[in-house]
Amino acid sequence: MYKYCDVNDGYLSLHDCYAEKMRFDKGILSFELPDGFWVSKQHPQNESGNVVRTDYAQVNYHIMYEEIDGITFYIFKEGKNGKVIREEWEAENFINAVNNGSFRVEFVTQYKSFQSVLFKCLVWFEQEPYHYECEIILHTDKEEYEWNQLRYDCTW
């Protein structure tokens, strides 16, 4: 259980944050972020005057109709002759790859529209090629950002 839960990301950012665990349960896709996420200086809980990170945090996306089909993962790999190949991953396979340590997900950019979120990400490996570009598309109508403490020693 977390002390704080925001349902609006207006003062929050996942930019440069890493998900190292994921789960899909009862229609909710959850990302666990050991190093937390960013909280702007305008957030009511942030008394520092700086953008700071949270402690261990979790972000939950309520997927439309509670269907795993409302989640799409693409990984972009370099193919022959320098062409980029977009590879779609089954949601369960992507989640399992994160959970078994095959890679972790770094959030880079977020785009929102009506009941949809697109994340431009990187998936990071311990060996070459070290990373690939990735897209995560979620059909969602609710999000929750949960954490316990702000880390005033960790500023942007």
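This report walks through the overall build of one protein chain and then looks at two of its residues.

## About the model

This is a predicted model, in which local features need pLDDT of at least 70 and side-chain atom pairs count only at pLDDT 80 or more, while totals for chains, interfaces and linings use all residues. Residues are numbered from 1 along each chain as its sequence is written, and side-chain values use heavy atoms, with hydrogens and water left out.

## The overall build

Let's start with the whole chain. The protein chain has 1 helix and 15 strands; helices (H or I, at least four residues) and strands (E, at least two) are DSSP runs, numbered from the N terminus. The radius of gyration of the chain is 16 Å, close to the 15 Å that the globule rule gives for 156 residues, so the chain is as compact as a globular protein of that length. Here the radius is taken over C-alpha atoms, and the rule is 2.2 Å times the number of residues to the power 0.38. Along its principal axes, the C-alpha trace spans about 50 × 35 × 30 Å.

Of the 156 residues, 42% are buried, where buried means under 20% relative accessible area, exposed over 50%, and partly exposed in between (1.4 Å probe, protein chains only). Contact means heavy atoms within 4.5 Å. Among contacts between residues at least 6 apart in sequence, 59% join residues at least 24 apart.

## A look at Asp 9

Asp 9 has its place in the loop between β1 (4–6) and β2 (12–13). Is Asp 9 buried or exposed? Asp 9 counts as buried because its relative accessibility is 14%.

The side chain of Asp 9 makes polar contacts with the side chains of Gln 110 (2.8 Å) and Lys 112 (3.3 Å). A polar contact is a pair of N or O atoms within 3.5 Å; within protein, one must be able to donate a hydrogen and the other to accept it, and residues adjacent in sequence count only if both atoms are side-chain atoms. Leaving aside neighbours within four places in sequence, Asp 9 is in contact with Gln 110, Lys 112, Glu 143 and Tyr 145.

## A look at Met 64

Met 64 sits in another loop, between β8 (57–63) and β9 (71–78). With 12% relative accessibility, Met 64 counts as buried.

Which residues does Met 64 contact, leaving aside its neighbours within four places in sequence? They are Gln 115, His 139, Thr 140 and Asp 141. Met 64 and Gln 115 are 51 residues apart in sequence, and their C-alpha atoms are 8.0 Å apart in space.
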